[in-house]
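Please open the structure in a viewer and keep the sequence beside it.

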Amino acid sequence: MSMTNANFPMDAEGRTYHVGVKRGELANRVLTVGDPARAIVLSRSLDGVDPATPAKTVPTNLFSCFSHRGFLTITGRYKGVPVSIVAIGMGVSMMDFFVRECRAVVDGPMVMIRLGSCGSLSDAAVGDICVPSSSYLVQRNVDYFAPASDVTKPYHLSRAFEADPEITKILVKNMTASLGEGHVWSGVNATADSFYSSQGRQDDNFVDKNEDLFDELLAHEPNTQTLEMETFVLYHLAKTSTAAPLKHSALVNIHNNNSIRAGGCMMVFAQRKTNDFITKEDVARVEPLAGKAVFDSLVEVELGSEDDLHSSVGSVWEKEAVVCV
């Protein structure tokens, strides 16, 4: 792979360095997940999929691209509307790659919704869904652990950034319709920079100073309900997105001057108060239901007229299925 432009690397086809997509391969409406296997499961809800498609296989009528950096992109239509699914792996850096590189290859406003997994600090049980209205970042303060350090806090907690309120409302409505009353929770999310220390997991092999971290999180944001590793970056970058790159930008109705609108929802995998962990049977039950609710939400969100969005001419959602290699 030969790249040019060290500031924002792309190859000769215009493919981005990490996600590996180019113009016409990604829709304006995107569902992002961590696990590539989850992306494949959710792709079965898209239009025209053969029910006999083997498990763990991307349906042949859909576009798919598996990048050399581990990102999987699947694009098709849901209820006639172009949508993409992008599996990004785990962590704040992967979310940063995803948001920036996807924004760079799509004309017009975008909606990005994350469907992930989380730990619950509330009464939300394993298998329930949390839809955070905002998220803040939890970072291990490495200077605290330096020799002779005078830093007093081992963890830094940022201010919260909000999700798009309309998307949050739509997600709650559709998740409740899909999973039932009592299984959908709203509140504040904490995105950690690690799975272990910054989420309060105890490990005698390292000095982490996180025994009181849950109390600190709840003092910082009393309605903190979830811990995971990606959502803050999605919300933050959506709020800091500009009106570019957009075609006919003077004519496009940008939502609050941001070209990206973002929302998020998570399946509770870990109940941190009771130490319960989800079973594979519950994952198999909840995952497709939650995925359908996200797809319903993606197509319900108003993005403007078709003229404002990326053209279907020459796109993968206009053509027959293509596999990127």
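Over the ring of which residue does the charged end of R201 sit? Select R201 together with F195: the charged end of R201 sits over the ring of F195, 3.8 Å from its centre. A charge is said to sit over a ring if NZ of Lys or CZ of Arg is within 6 Å of the ring centre and within 35 degrees of the ring normal. Selecting R140 and F145 shows another such arrangement, with the charged end of R140 4.1 Å from the centre of the F145 ring.

Some conventions apply to every stop. This is a predicted model, in which local features need pLDDT of at least 70 and side-chain atom pairs count only at pLDDT 80 or more, while totals for chains, interfaces and linings use all residues. Residues are numbered from 1 along each chain as its sequence is written, and side-chain values use heavy atoms, with hydrogens and water left out.

**Aromatic pairs**

Rings of Phe, Tyr and Trp (its six-membered ring) pair if their centres lie within 6.5 Å; planes under 30 degrees apart count as stacked, over 60 as edge-to-face and the rest as tilted. By this rule there are six aromatic pairs. Select Y78 and F295, a stacked pair with 5.2 Å from centre to centre and 25° between the planes. Y78 belongs to strand 5 (residues 72-78) and F295 to helix 6, so that the pair links parts of the chain 217 residues apart. Helices (H or I, at least four residues) and strands (E, at least two) are DSSP runs, numbered from the N terminus. Both Y78 and F295 are buried; the term means under 20% relative accessible area, with exposed over 50% and partly exposed in between (1.4 Å probe, protein chains only).

Next, select F161 and F232. Their ring centres are 5.6 Å apart and their planes stand at 90°, so this pair is edge-to-face. F161 is partly exposed at 27% relative accessibility, whereas F232 is buried at 7%.

**Nonpolar cores**

A nonpolar core is a set of buried Ala, Val, Leu, Ile, Met, Phe, Trp, Tyr and Cys residues joined through side-chain atoms within 4.5 Å. The largest has 40 residues, and those with the most contacts inside it include L115, M175, C265 and F295. Helix 6 (residues 280-300) supplies the largest share of this core, seven residues. Apart from it lies another core of 26 residues, with V21, M94, V106 and F232 among them.

Select C118, which is in no disulfide: the nearest cysteine sulfur, that of C130, is 4.7 Å away. The sulfur of C265 is 9.9 Å from the closest cysteine sulfur, in C130, and is therefore too far for a bond. C265 is buried, at 0% relative accessibility.

Select R261 in strand 13 (residues 260-271). R261 is buried, with a relative accessible area of 6%.

Finally, select A148, in the loop between strand 8 (129-140) and strand 9 (155-157). Phi of A148 is near 60°, a positive value in a residue other than glycine, and A148 is exposed at 84% relative accessibility. K209 also has a positive phi, near 50°, and lies in the loop between strand 11 (184-192) and helix 4 (213-220).

Note on methods
Disulfide = S-S within 2.5 Å.
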